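Please look over the sequence and the model shown below.

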Amino acid sequence: MRKRQVVIRRSSAEAPSSRSSSTADNNSSSVSSYTVRSVRYGECQKNHAANVGGYAVDGCREFMASNGEEGTTAALTCAACGCHRNFHRREVDTEVVCDCSSPTSRIG
């Protein structure tokens, strides 16, 4: 059985799931929000003793990219331990930013 990959493209200018806006009617408040994601790579989890049946990590605490251009294989190698970036624990910080505006309320 073959696996199929489906790509859905949206015709609007917004990126999927990165921005959303909603309005109830023209006179009510509008709410727009977007998600900010930052990725950081933590300690190295490569098992250097796997070939002898043991478990030993090198102690590299954080991924530091080598002196390579962004998008090249040199940029995916850690300058501290020499491992590929995939061996480092991935930490994703997600923040939802909301720009809320409401009409001024009248007291009285």
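The following paragraphs describe the chain from its overall layout to its side-chain pairs.

This is a predicted model, in which local features need pLDDT of at least 70, side-chain atom pairs count only at pLDDT 80 or more, and totals for chains, interfaces and linings use all residues. Residues are numbered from 1 along each chain as its sequence is written, and side-chain values use heavy atoms, with hydrogens and water left out.

The chain has three strands and zero helices, in the order β-β-β along the sequence. Helices (H or I, at least four residues) and strands (E, at least two) are DSSP runs, numbered from the N terminus. Of the 108 residues, 10% are buried; buried means under 20% relative accessible area, exposed over 50%, and partly exposed in between (1.4 Å probe, protein chains only).

Confidence is expressed as pLDDT, the predictor's score for each residue from 0 to 100. The chain averages 75, and 63% of the residues score at least 70. Over residues 12-28 pLDDT stays under 50. Where pLDDT is low, the predicted coordinates should not be read in detail.

The largest nonpolar core consists of six residues: Tyr 41, Cys 44, Cys 60, Phe 63, Cys 78 and Cys 83. Such a core is a set of buried Ala, Val, Leu, Ile, Met, Phe, Trp, Tyr and Cys residues joined through side-chain atoms within 4.5 Å. Beyond four places in sequence, Cys 44 touches several residues, among them Val 57, Cys 60 and Phe 87; a contact means heavy atoms within 4.5 Å. Gln 45, in the loop between strand E2 (30-44) and strand E3 (88-101), touches Val 57, Phe 87 and Arg 89, with residues up to four places away not counted.

A search of the whole structure finds four salt bridges, each a side-chain nitrogen of Lys or Arg within 4 Å of a carboxyl oxygen of Asp or Glu. The table lists pairs from this search.

| Pair | N to O distance |
|---|---|
| Glu 62 and Arg 40 | 3.2 Å |
| Glu 91 and Arg 40 | 2.7 Å |
| Arg 89 and Glu 43 | 2.8 Å |

Arg 89 lies in strand E3 and Glu 43 in strand E2, so this pair ties together parts that are 46 residues apart in sequence. Arg 89 is partly exposed at 31% relative accessible area, and Glu 43 is partly exposed at 22%. Salt bridges that share partners join Arg 40, Glu 43, Glu 62, Arg 89 and Glu 91 into one network.
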